[in-house]
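Work through the exercises below with the sequence and the model open. Try each task before reading its solution.

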Amino acid sequence: MGLSKKANEIIQKIRKKKSLVGIIGMGYVGLPLVLRFCEEDFKVLGFDIDPKKVATLKKGKSYLKSISSSRISQFVRSGHFNVTDDFSRLNKPDCILICVPTPLTEKMEPDLQYIEKTTDAALQNLRKGQLIVLESTTYPGTTEELILPRLESSGLKVGTDFFLAFSPEREDPGNKRFTTYQIPKVVAGVTSSCQQVVTALYSQIIKKVIPVSSPRVAELTKLLENIYRSVNIALVNELKMLTDRMGIDIWEVIEAASTKPFGFSPFYPGPGMGGHCIPIDPYYLSWKAREYDFTTRFIFLAGEINVHIPYYVVAKIQDALNGRGKSIKGSKILILGVAYKKDVDDARESPALAIMNLLEKKGATILYHDPYIPSLPSFRKYSLKLKSSSLTERLLHKIDAAVVVTDHTIDYQRIVKLAPLVIDTRNVTKGMDRWKKKIVKA
Ligand SMILES: NC(=O)c1ccc[n+]([C@@H]2O[C@H](COP(=O)([O-])OP(=O)(O)OC[C@H]3O[C@@H](n4cnc5c(N)ncnc54)[C@H](O)[C@@H]3O)[C@@H](O)[C@H]2O)c1
């Protein structure tokens, strides 16, 4: 089938880099996309409901550790990048990418309010010829069941008047090995015209674009990637609890298994599961599965094991203190790293929060050190008003235990030397046998 007039127009405009790109949600996903389009000489208009973020970006400053201010300011100055909280300007961009949060409610169900609000804002300003792409992670069916009917209530028809697609984000903050350009991008349009328009757009900024047959396939692709991680992390976390009883070092086992040149991908145990994606996204699928009388048992089992790990870590801390004639109550415990992963400044859903909360409830005095998170803001479940402490000699002498939760790049040898007891959930003390009496793997 031939392309509609509007589809041809927008594809030509994209190829000439004359299309204005609107990106909604200036976060970990939205901002790298802004920069990638600007690098390719596209003009970008960013949208965010947070006036502080808008003001910061307008000044050419960054609020994300993974993005330097200079990268933003060069494009603000050159006029490539503008940003606004005025959503009536959504009629301006030719292409609109939606990168808003998709969290869970208290009852662990998809919280779609951000996608809904954004879709309504796009609807109010929808004009012929626009391409709308959802990038937020979500359950299969969101694009066609939730967004499409709302946009078509305008009277405009998908595939001829406007174009709608889903393309999941594969951003890995802090990963220096792969740039946005290098990470292949899966795309799927609602109609074949939508597919051609969305492929034309991403081909301008991504080395390899992978078209799939429907938005539902693309939506599930992203979920599969995250469920795969969640299940494998749960597997090694469960094995670590067993090997602890057996007196076997799980890290040594994984290292040995990794020498197999095929059929094995290493996953590592830790203090639990964190971040915006892996603890949350799988439940989007379990929720949708209910509609099909289906229970996603692997997802629940992995969730159960990973949610239990902070309790296991606290039990190990308790045993270690007990071995020194101490209790958690009244002990000063230093948490090393509160970010959910190494060398990032993001503590969303971090297992550190659960561990700190459990220890505090048992009467410990909690301190933390994180070079990337100077103070702890409030989170979905926890509100711990603390500031990062400096790792002075005095502090390390005065605590009863240090708990390595995140393996940030810091000097662990010094910590092990000075602290009376170190509980290590990340194997950062590997090879420090000299101090093995005061190291406990958890
Ligand atoms: N962070 C990651 O590594 C990552 C990776 C892949 C996919 N994702 C997915 O991408 C989506 C966005 O995640 P993120 O990490 O960028 O989130 P984020 O919280 O860093 O950024 C979201 C931004 O959207 C803004 N926002 C909220 N509601 C809005 C609205 N109605 N209109 C405009 N702006 C609004 C927020 O102020 C915030 O700046 C989520 O679905 C997430 O699951 C994230």
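The exercises cover strands, a surface patch, cysteines, salt bridges and a proline.

This is a predicted model, in which local features need pLDDT of at least 70, side-chain atom pairs count only at pLDDT 80 or more, and totals for chains, interfaces and linings use all residues. Residues are numbered from 1 along each chain as its sequence is written, and side-chain values use heavy atoms, with hydrogens and water left out.

**Exercise 1. Strand S11**

Task: Find which strands pair with S11, and name a bridge partner for each pairing.

Solution. Start with the terms. Helices (H or I, at least four residues) and strands (E, at least two) are DSSP runs, numbered from the N terminus. Two strands pair if DSSP finds at least two bridges between them.

Step 1. Take strand S9, residues 332–336; it runs parallel to S11 and is joined to it by 4 bridges. Ile333 has Ala401 of S11 as its bridge partner.

Step 2. Take strand S12, residues 422–424; 3 bridges join it to S11, again in parallel. Here Ala402 is partnered by Val422.

Step 3. Follow the chain from S11 through helix H14 (residues 412–418) to S12: the three make a right-handed β-α-β unit. Right-handed means that, with the strands pointing away from the viewer, the path from the first strand over the helix to the second runs clockwise.

Step 4. Check the faces of S11, residues 401–404. Ala401 and Val403 are buried on one side, Ala402 and Val404 on the other. Buried means under 20% relative accessible area, exposed over 50%, and partly exposed in between (1.4 Å probe, protein chains only).

**Exercise 2. A nonpolar patch**

Task: Which helix gives the most residues to the nonpolar patch?

Solution. Step 1. List the members: Leu235, Leu239, Leu242, Met246, Ile248 and Val253 make a surface patch of about 520 Å². Patch residues have over 30% relative accessible area and no salt bridge; nonpolar side chains (Val, Leu, Ile, Met, Phe, Trp, Tyr) are joined within 5 Å, like charges within 9 Å. Areas come from the Shrake-Rupley method with a 1.4 Å probe; for residues, only the protein chains shown count as cover.

Step 1. Assign the helix. H8, residues 215–246, gives the most, with 4 residues.

Step 2. Leu239 is in H8, and its relative accessible area of 34% makes it partly exposed.

**Exercise 3. Cysteines**

Task: How many disulfides does the model have?

Solution. Step 1. The rule here asks for a pair of cysteine sulfur atoms within 2.5 Å.

Step 1. Apply the rule. The count is 0.

Step 2. Look at Cys99. Cys99 is buried, at 10% relative accessibility.

Step 3. Look at Cys194. Cys194 is in no disulfide, and the nearest cysteine sulfur, in Cys95, is 12 Å away. Cys194 is also buried, at 0%.

**Exercise 4. Salt bridges**

Solution. Step 1. Set the rule: a side-chain nitrogen of Lys or Arg within 4 Å of a carboxyl oxygen of Asp or Glu. The structure holds 23 such salt bridges.

Step 1. Asp172 pairs with Lys341, the closest N and O atoms being 2.4 Å apart. Asp172 is in the loop between S6 (163–166) and S7 (185–189), and Lys341 in the loop between S9 and H12 (351–361), 169 residues apart. Asp172 is partly exposed at 30%, and Lys341 is partly exposed at 22%.

Step 2. Asp249 pairs with Lys441 at 3.6 Å, N to O. Lys441 lies in S13 (residues 439–441) and Asp249 in the loop between H8 and H9 (250–257), so the pair ties together parts 192 residues apart in sequence.

Step 3. Asp400 pairs with Lys326, with 2.8 Å between the closest N and O atoms. Lys326 lies in the loop between H11 (297–322) and S9, and Asp400 in the loop between H13 (393–398) and S11, so parts 74 residues apart in sequence are tied together. Lys326 is partly exposed at 33%, whereas Asp400 is buried at 15%.

**Exercise 5. A proline**

Task: Is Pro110 buried or exposed?

Solution. Step 1. Locate Pro110 in the loop between S4 (95–98) and H5 (113–124).

Step 1. Read its relative accessible area: at 12%, Pro110 is buried.
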